[in-house]
Amino acid sequence: MSFEDKTTEISQDLKCQGCGAVLHYQPGTSNLKCLYCGTENQIVENAGIGTAIHTIDYDEFTTAMQDIHDARFTITAEVVHCKNCGANSTLDPHVTADLCAFCASPLVIDHQEKRIVKPHGLIPFFIDEKKAFPLFKKWAGGLWFAPNDFKRIFNAQNNRLKGVYIPFWSYDAKATSSYQGQRGEYYYVTRTRRTADGKSETYEEQQTRWYYASGQVLNRFKDVLISASTSLPNDFASKIGPWNMEYLKPFNDQYLSGFIAETFSIDHVAGIHAAKRVMEDEISNTVRSDIGGDTQRIDDIDSLYEDIRLKYILLPVWLSAYRYKGKSYQIMVNAFNGKVYGQRPYSFWKITLFILLIIVIIFLLSNMG
């Protein structure tokens with residue numbers, strides 16, 4: 001599926017010259033392949049792995065986003081909206097029925113073209129579906145207290161794994177931070193105490209002397225990644241990473257052929273607030289290092305963020321969404337490094353039986369004593 005596809009025609013870059021079908025990107029390669037006749041086309045790239053992708057000035061991008069028709073930053077795409085979970089994603093224009101990749105609800109597909117923000121780059125799929133599914137099964141097989149019918153549902157997921165590009169904001173910034181705090185230095189005082197047998201003994205008690213500290217530190221941040229999706233769990237970004245940004249490629253819609261690409265639901269303004277919270281943790285670590293001593297107290301940090309730049313990028317996951325007793329669950333694998341993260345139900349009866357078994361064992365051991 002290409003961002004530039006129309007419902008009545010196929011981009012020449014994606015058209016099989018042998019049979020006219022749509023070519024699909026083959027994970028881990030630089031090839032498009034026809035699933036019907038096997039024809040392969042090499043993806044022609046302007047830049048290779050490791051080539052820097054130009055970031056965009058935050059203020060310039062904010063101004064450009066006031067006009068969604070600005071051709072420098074937007075493109076036309078066909079977007080499908082899920083009424084159940086709210087996800088917005090692109091689909092192959094020739095698909096007429098499907099399930100939502102994020103909640104497994106039936107999609108009512110009405111292909112309509114919209115202007116969306118053009119990604120600056122992406123990391124292509126490196127792991128294909130044949131390699132992804134065993135990773136899913138291994139993860140499911142290691143779950144404790146999972147309902148029996150849950151695993152039966154999962155074993156039927158083989159044809160329901162969906163390759164999805166998830167939107168992220170990547171931020172660079174310089175932060176100059178002035179701080180006030182206290183440096184703590186340990187010292188020890190000899191004390192005497194009485195032991196259980198009535199004897200006295202001496203010991204060293206640690207105490208702290210505090211000294212006022214202030215100063216200024218400089219931090220430079222690069223590629224602080226913030227998920228731009230609300231369709232996945234809040235901790236998804238931290239659980240599924242890390243990503244090797246050296247493999248980020250300039251955006252090329254041929255890498256999207258055969259996959260779903262979600263559009264962002266968290267804009268770059270909300271994203272920078274989340275990014276600053278990540279940066280603040282690193283700034284605090286730098287301040288503590290600058291204060292020195294054995295321990296530190298931070299009373300105040302005032303940070304000035306400058307030269308904020310961003311990239312809007314797509315990162316690949318294999319996603320399985322399933323419904324169990326009326327609730328949606330998601331399991332995903334990082335399609336770059338194979339890391340698996342997922343949600344799962346628990347069996348009340350298995351947990352209850354396990355607790356009863358522990359009680360019985362403790363009872364028997366106490367009687368044996």
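## Ground rules

Residues are numbered from 1 along each chain as its sequence is written. Since the model is predicted, local features need pLDDT of at least 70, side-chain atom pairs count only at pLDDT 80 or more, and totals for chains, interfaces and linings use all residues, while side-chain values use heavy atoms, with hydrogens and water left out.

## Salt bridges

Let's start with charged partners. A salt bridge here is a side-chain nitrogen of Lys or Arg within 4 Å of a carboxyl oxygen of Asp or Glu, and the whole structure has 5 of them.

Take Asp223 and Lys311, whose closest N and O atoms are 2.8 Å apart. Asp223 sits in strand β12 and Lys311 in strand β15, so this bridge ties together parts 88 residues apart in sequence. (A strand is a DSSP run of E, at least two residues; a helix is a run of H or I, at least four; both are numbered from the N terminus.) Both Asp223 and Lys311 are buried, meaning under 20% relative accessible area; exposed is over 50%, and partly exposed is in between (1.4 Å probe, protein chains only).

Glu306 and Lys174 also pair up, at 3.7 Å from N to O. They come from strands β15 and β11, 132 residues apart. Glu306 is partly exposed at 32%, and so is Lys174 at 23%.

Then there's Arg193 with Glu201, at 2.9 Å between the closest N and O atoms. Arg193 is partly exposed, at 42%.
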